[in-house]
Amino acid sequence: MRAIEIIRAEHRNMWRAAHAMQFLGQRFAEADNETERRTVELIVDYFESFCEVYHHPKEENLLLKRLAAKSNEAAETIARLRRDHDASPAQLARIRQLVGAPDAAKKLSQEIGLFCERLVEHMRMEEDVALDLAVNIFSRHDWAELDAAFRAHDDPLNQGEVGGDIGLLRHRIAQIAPAPEGLGGRVDTRLPMTDKSPAPVKAAAPLLEVEGLETRYGRIQALHGVSIRVRQGELVALVGANGAGKTTLLRCISGVQTATAGALRFAGENITRARPESRVRAGICQSPEGRQVFAPMSIEDNLIMGAHTRPGREITQSLEEIFDLFPILAERRKLPAGTLSGGQQQMLAIGRALMGRPQLLLLDEPSMGLAPLIVEDIFRIVRMLKERRGMTVLLVEQNARAALAISDYAYVLETGVVTLEGSGQELLKNDSVQRAYLGM
Ligand code: ATP
């Protein structure tokens with residue numbers, strides 16, 4: 001199923017290109033600029049020359065055609081995807097025309113916004129519905145043909161060293177839309193697609209202080225004197241490779257793993273020896289690695305479990321707040337949690353942690369095992385929790401690029417030791433972080 005990886009990788013590139021174009025479109029409305037006009041033209045060239053000539057036909061002639069022949073269920077989705085493919089050349093032509101028109105900045109920005117919105121919806125539908133169906137019904141033979149066709153015309157943005165317009169375009173996109181991999185989400189469409197750096201947080205007192213923390217699993221020492229701080233209202237990321245000790249540190253903070261040395265202070269109180277339940281009552285709530293939702297129980301009951309330390313009268317209000325944040329959970333509240341997709345289960349796991357009314361939200365690998373499209377949704381939610389709700393978040397992630405892009409401050413953990421720290425933006429630019437975690 002190499003074709004699926006290629007489609008997703010191509011979607012990621014399209015999303016970044018669209019994301020950059022939208023950012024530039026918004027800037028036109030404020031001040032016109034020749035370089036930016038040229039970049040938008042390059043992006044339109046890319047969509048026309050690659051997507052219209054290679055990507056869409058590959059999907060049309062192989063994926064959608066074959067899906068249509070094998071599944072009635074897919075008919076509506078296929079029709080919608082085909083309508084989008086048909087409409088896209090005219091949309092791109094309108095953008096190209098407006099780029100060349102003086103005094104059309106506002107119209108251009110609107111047209112780009114519309115294009116991006118449709119593109120995001122289109123890619124989402126394709127990944128969430130069409131590819132899911134294809135995985136279930138296509139034979140090995142189908143996949144062999146699809147794989148070969150998708151390999152045959154690679155996205156120029158994925159090719160090694162390229163010069164000329166594509167090199168320039170790649171450079172510009174990387175400058176403008178460097179961060180998340182994946183797609184924008186539906187969960188809070190009020191959030192702009194633009195990926196501005198988070199607003200600097202005013203120096204507040206640390207909500208969480210971890211000092212010289214050590215812990216062991218029998219003879220294995222997993223943490224060797226780890227010290228980190230999380231200030232009120234901050235989003236702090238903890239990144240590092242497999243087995244670095246990230247989950248262990250979260251387990252020590254939530255109290256399910258005992259510290260053998262060092263100290264933990266939360267809101268000024270020493271909690272090093274406090275029991276896990278009292279830490280939850282104090283406001284430390286965790287969304288665990290692997291989500292761990294209770295599949296046979298209803299979505300609503302899963303959420304209610306997250307509020308077990310709170311008085312019953314407050315639960316209804318909290319449930320409504322979570323449903324407001326994640327409308328998909330409201331729609332399906334009575335269904336078993338196991339009927340949700342992976343991304344929706346991650347939303348449920350975050351919602352369940354929020355039901356405890358946390359002062360500090362611990363998120364363990366929220367992007368784990370999710371398609372890039374969904375990963376972006378999840379990171380958008382995390383950023384929104386911080387920016388709109390003032391939530392303090394400690395985010396553990398292997399997807400260092402996405403985590404650093406949204407964090408105020410970050411720590412790199414290697415074999416139980418903090419080896420680097422700095423603002424998310426500083427670490428994104430750091431050579432050793434780029435080499436070790438960003439694949440650059
Ligand atoms: P991952 O992203 O793979 O979860 P991590 O950074 O969260 O990695 P931890 O799971 O905290 O890392 O593991 C840190 C170290 O502790 C590793 O060497 C791991 O093998 C070890 N370890 C973790 N859990 C246990 C356990 N229950 N028993 C023994 N050793 C463990």
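**Reading a sheet, a core and a ligand shell**

Tutor: Let's start with two strands: β7 (residues 360-364) and β8 (residues 392-397) run parallel and are joined by 5 bridges. Keep in mind that this is a predicted model.

Student: Which residue of β8 is the bridge partner of D364?

Tutor: That partner is V396.

Student: How many strands form the sheet, and in what order?

Tutor: Read a sheet from one side to the other. Here 6 strands lie in the order β6-β7-β8-β3-β9-β10, giving an open sheet with mixed pairing. The edges are β6 (284-287) and β10 (417-423); each has a single partner strand, so one side of each is left without a neighbour in the sheet. On average, neighbouring strands are turned by 20° against each other, direction ignored.

Student: And which strands does α7 touch?

Tutor: Helix α7 packs on the sheet and touches β3 (235-239), β6, β7, β8 and β9 (409-414). The direction of α7 makes about 150° with that of β7. Helix α12 (residues 342-354) packs on the sheet too, touching β6 and β7, and its direction makes about 170° with that of β6.

Student: What should I look for in a nonpolar core?

Tutor: In soluble globular proteins, nonpolar side chains tend to be buried together. In this model, the largest nonpolar core has 76 residues, and L238, V239, I253, L362, V382, L395 and L404 have the most contacts inside it. Helix α13 (residues 372-389) supplies the largest share of this core, 7 residues. Another core, of 29 residues, lies apart from it and includes V40, F47, A105 and F115.

Student: Which residues does V239 touch, leaving out those up to four places away in sequence?

Tutor: V239 touches E397, A400, A403, L404, A410, V412 and Y437.

Student: Is P336 buried, exposed or partly exposed?

Tutor: Count its neighbours: a residue is buried with 20 or more other C-beta atoms within 10 Å of its own, and exposed with 12 or fewer. P336 has 16 C-beta neighbours inside 10 Å, so P336 counts as partly exposed. You'll find P336 in the loop between α11 (327-331) and α12. Beyond its neighbours within four places in sequence, P336 is in contact with A295, P296, M297 and S298.

Student: Last one! What surrounds the ligand?

Tutor: Look at the shell of residues around the ligand, which includes Y217, N242, K246, T247 and Q398. Two elements, β2 (220-231) and α7 (246-254), each give two or more residues to this shell. Of these, α7 gives the most, with 3 residues. By type, the shell divides into 4 nonpolar, 7 polar and 1 charged.

Terms used
Residues are numbered from 1 along each chain as its sequence is written. This is a predicted model: local features need pLDDT of at least 70, side-chain atom pairs count only at pLDDT 80 or more; totals for chains, interfaces and linings use all residues. A residue is near a molecule or strand if its C-beta atom, placed from the backbone, lies within 6 Å of it. Helices (H or I, at least four residues) and strands (E, at least two) are DSSP runs, numbered from the N terminus. Ala, Val, Leu, Ile, Met, Phe, Trp, Tyr, Cys and Pro count as nonpolar, Asp, Glu, Lys and Arg as charged, and the others, Gly among them, as polar. Two strands pair if DSSP finds at least two bridges between them. Axes are lines fitted to C-alpha atoms, for helices over the stretch in contact, and angles run from 0 to 180 degrees between N-to-C directions. Two residues are in contact if their C-beta atoms, placed from the backbone, lie within 7 Å. A nonpolar core is a set of buried Ala, Val, Leu, Ile, Met, Phe, Trp, Tyr and Cys residues joined through C-beta atoms within 7 Å.
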